[in-house]
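I opened my notebook to look up how this protein is put together. Here is what I wrote down, entry by entry.

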Amino acid sequence: MNSCSSFFRRALLAAALLLPGFYMQNGALARAEPQHSAITTVADFDATTWTQLLQSGPRPAAYVFTNSFCATCPEAFDTLHHTVKAAGKPVPLAAILMDVQGERALAHAHHYSGVTKIYAFDGFEPAIRQAVDPAWRNITPYVVLVDRKGRLQRVTGQPDPKTLKRWLR
């Protein structure tokens, strides 16, 4: 009887040590790829940044406006990342944090698989949102997909497969 309870104790301990590595907080199974971002800097995002990105930024590209407490934003970002990987195209994926300024935004980089650049709002938040889209109601994730011709697709929430296919063609 004692060896049986000892076996179960060891099995429970092994499970407690191993499971966090296989199961992520957002409910998705962990992948074999690294979970930590290689991003080491944060770019400021002010009321003029959006116009500059649209005029001379990369195409195609995806911009996910998020905040530190958005529960569905990592999932939307994950969908974008998998779409880009499946297409086999090197497409920039940017996370724009609205509620964390400067280098503190790096603490949230691990939530966004495949992120290539992190921005943090720098300035008066309503003015920045107005510059991005006057109709945006401050709901996140707010995803803006820029296709290779510079056309925009704006989505509140997770983009559907039809939108993603149209974006990368």
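Before looking at cores, I noted the term: a nonpolar core is a set of buried Ala, Val, Leu, Ile, Met, Phe, Trp, Tyr and Cys residues joined through side-chain atoms within 4.5 Å. Buried means under 20% relative accessible area, with a 1.4 Å probe and protein chains only.

I also noted that this is a predicted model, where local features need pLDDT of at least 70, side-chain atom pairs count only at pLDDT 80 or more, and totals for chains, interfaces and linings use all residues. Residues are numbered from 1 along each chain as its sequence is written, and side-chain values use heavy atoms, leaving out hydrogens and water.

**Cores.** I looked up the largest nonpolar core and found 26 residues, with Leu80, Ile118 and Trp167 having the most contacts inside it. Strands S2 (61–66), S3 (93–97), S4 (117–121) and S5 (142–146) and helices H3 (73–87) and H5 (161–168) each give this core at least two residues. H3 brings the largest share, four residues. I then found a second, separate core of 17 residues, with Trp50, Phe65, Val132 and Tyr142 among them.

**Elements.** I counted five helices and six strands, which are DSSP runs numbered from the N terminus (helices: H or I, at least four residues; strands: E, at least two). Their order from the N terminus is α-β-α-β-α-β-β-α-β-β-α.

**Ile118.** Leaving aside residues up to four places away in sequence, I saw that Ile118 touches partners including Ile39, Val42, Leu97 and Ala109; contact means heavy atoms within 4.5 Å.

**Whole protein.** Of the 169 residues, 38% are buried.

How values were computed. Buried < 20%, exposed > 50% of the residue type's maximum accessible area, 1.4 Å probe, protein only.
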